[in-house]
Amino acid sequence: YPKAAQLEKDRDALGQVRRHATILLRDVVLVRSHLPECSAQLLRSADVNQHILHGDIIEAQPVADGTVDLVVTSPPYPSMTDYATSQRLSYYWLGADPADDLPREIGARRRRFAQNAIEQYRAKMKSVIEVICRKVRVNGYVCLVLPSFKTDQTNNLVRRRVIQECLGYVGESGMMLEHELERILPERRRHHNQGWTSLERERIYVFRRVE
């Protein structure tokens, strides 16, 4: 629920929508201005029957192995947020129930005190990474956005170690690290998520399939 301080003054919801829509359109125009001329032809020649598949990558795998050019994903972070409940308004808007996805959550914050929480996270992430890498063709790419824990608190050391292990699974799946970038998280994003208050940075890893 909204915090008391967030309810102290009325919010111009429509004004916020207009501002964000303006920013989005501005960014689209900016991206288009940087695209090469051949990109327009590429878009015109693309299959108009593209579609979105909704499912659990471990349970349902309608995409054939070795056929994907690029995977861009920010997989679940260890014990930092409850993904389904934090997006419950989106679920309700789409006519779905977040409770249906609770059993599928990886690294849910509500399980952070469970004795085997990190072990479960590691095992599930290993399964997901293996499937993702198997779908990518040779010379295809996998881009992962993952947390970068800087402090040496005991909890952060454990989470840093499991993230490194997950990156190791990507290498073991025939991928080579090509690029590594760091991004600073906006303070407002951390302020709205209690589990992320100590996370200031994320790292972007770009792997290429070499075998």
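Modeller: This is a predicted model.

Colleague: Which residues of helix 6 are called buried?

Modeller: Buried means under 20% relative accessible area. In helix 6 the buried residues are Asn156, Arg159, Val162, Ile163, Cys166, Leu167, Tyr169 and Val170.

Colleague: What puts them on the same side of helix 6?

Modeller: They cover an arc of only 150° around the axis, and therefore lie on the same side of the helix. In general, an α-helix has 3.6 residues a turn, so residues three or four places apart point the same way.

Colleague: Which exposed residues are on the face turned away from that buried side?

Modeller: That face of helix 6 carries Thr154, Arg161 and Glu172. For exposed, the relative accessible area has to be over 50%.

Colleague: What covers the buried residues of helix 6?

Modeller: The cover includes helix 5 (117–135), strand 2 (136–148), strand 3 (175–184) and strand 4 (201–209). After helix 6 comes glycine 174, with a positive phi near 90°.

Colleague: How does the reach of helix 5 compare with what is expected at 1.5 Å a residue?

Modeller: Helix 5 also has 19 residues, with an expected 27 Å. From its first C-alpha to its last it reaches 28 Å, close to that value.

Colleague: Which residues of helix 5 are buried, and what do they pack against?

Modeller: Among the buried ones are Ala117, Tyr121, Met125, Ile129, Cys133 and Lys135. The buried residues of helix 5 pack against strand 1 (68–73), strand 2, helix 6, strand 3 and strand 4.

Colleague: Why is serine 79 called buried?

Modeller: The cut-off is under 20%. Serine 79 has 11% relative accessibility, so it counts as buried. Serine 79 sits in the loop between strand 1 and helix 3 (83–86). Its phi is near 55°, a positive value in a residue other than glycine.

Colleague: What makes proline 147 buried?

Modeller: Proline 147 has 3% relative accessibility; with the cut-off at 20%, it counts as buried. Proline 147 belongs to strand 2.

Colleague: Which residues is proline 147 in contact with, leaving aside neighbours within four places in sequence?

Modeller: Those contacts are Tyr77, Pro78, Ile163, Leu199, Arg201 and Glu202. Contact here needs heavy atoms within 4.5 Å. Ile163 is one of the buried residues of helix 6. The C-alpha atoms of proline 147 and glutamate 202 are separated by 4.4 Å, although the two residues are 55 apart along the chain.

Colleague: What does the whole chain look like in numbers, and in which order do its elements run?

Modeller: The protein has 7 helices and 4 strands, in the order α-α-β-α-α-α-β-α-β-α-β from the N terminus. Of its 211 residues, 30% are buried. Among contacts between residues at least 6 apart in sequence, 71% join residues at least 24 apart.

Methods
Residues are numbered from 1 along each chain as its sequence is written. This is a predicted model: local features need pLDDT of at least 70, side-chain atom pairs count only at pLDDT 80 or more; totals for chains, interfaces and linings use all residues. Side-chain values use heavy atoms; hydrogens and water are left out. Buried means under 20% relative accessible area, exposed over 50%, partly exposed in between (1.4 Å probe, protein chains only). Helices (H or I, at least four residues) and strands (E, at least two) are DSSP runs, numbered from the N terminus. The arc is that of the directions from the helix axis to the C-beta atoms. The expected span of a helix is 1.5 Å times one less than its number of residues.
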